[in-house]
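Please look through the sequence and the model below, and keep both at hand while reading.

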Amino acid sequence: ESTCYRTFAAYEEAWGEFMAGACRSGQELCCWEIPWPLSLPCVSGIEPSDDGSMKKRKLRAALLRWHPDKWAAVLEKVIEADKPTVLDKVKEVTRRILAEKALLLPG
């Protein structure tokens, strides 16, 4: 079961730990070990107080992090049974980021 994060800062902390630890180890990963931002209202980390420039930066960073092509190295470490679920979740996060982009940066 995935962890539910209450804030984007808590999610970012978990992501940093994941990238420094589990993702870098030689051990296999399970889907639940990956920090997913799906419990957050805004998966890109945009805050209502962010100006247009900050929104663009956060969206760009989120799209780069969650682009399916960037996940090849992580997927190599994911156990075979969890790979389809991980790919589906990556796509779900990417769709949410694109929806946030369309809503917050129209045109």
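Predicted model: local features only at pLDDT ≥ 70, side-chain atom pairs only at ≥ 80, totals over all residues.

A residue is called buried when its relative accessible area is under 20%, exposed when that value is over 50%, and partly exposed in between. With this in mind, one can turn to helix H2, whose buried residues are Lys 55, Leu 59, Ala 62 and Trp 66. Seen down the axis of H2, these buried residues fall within an arc of 65 degrees, so they line one face of the helix. The face of H2 that is turned away from the buried side carries Lys 56, Arg 57 and Arg 60, which are exposed, while the cover over the buried residues of H2 includes H1 and H4.

The average pLDDT of the protein is 91, and 98% of the residues score at least 70. Among the elements, the highest mean pLDDT, 95, belongs to H2, and the lowest, 90, to H3.

H2 has 15 residues, and the distance from its first C-alpha to its last is 21 Å, close to the 21 Å expected at 1.5 Å a residue. At the start of this helix, a side-chain oxygen of Asp 51 comes to within 3.2 Å of the backbone nitrogen of Ser 53. Ala 61 also has its place in H2, and because its relative accessibility is 46%, Ala 61 counts as partly exposed.

Helix H1 can be read in a similar manner. H1 has 13 residues and reaches 18 Å from its first C-alpha to its last, close to the 18 Å expected at 1.5 Å a residue. Its buried residues are Tyr 11, Ala 14, Trp 15 and Phe 18, and since they cover an arc of only 105 degrees around the axis, they are on the same side of H1. On the face turned away from them are the exposed residues Ala 9, Glu 13, Glu 17 and Ala 20, whereas what covers the buried residues of H1 includes H2 and H3.

Leaving aside residues up to four places away in sequence, Trp 71 touches Trp 15, Ile 34, Trp 36, Arg 65, Trp 66, Val 86 and Val 90.

Two loop residues complete the tour. Ser 44 lies in the loop between H1 and H2, and because its relative accessibility is 4%, Ser 44 counts as buried. The side chain of Ser 44 makes a polar contact of 2.5 Å with the side chain of Glu 100. Lys 70, by contrast, is found in the loop between H2 and H3, and at 53% relative accessibility Lys 70 counts as exposed.

Methods. Residues numbered from 1 in each chain as written. Heavy atoms only, no water. Contact = heavy atoms within 4.5 Å. pLDDT = per-residue confidence, 0-100. Helix = DSSP H or I, 4+ residues; strand = E, 2+ residues; numbered from the N terminus. Expected span 1.5 Å × (residues − 1). Buried < 20%, exposed > 50% of the residue type's maximum accessible area, 1.4 Å probe, protein only. Arc of directions from axis to C-beta. Polar contact = N/O pair within 3.5 Å; in protein donor to acceptor, adjacent residues only side chain to side chain.
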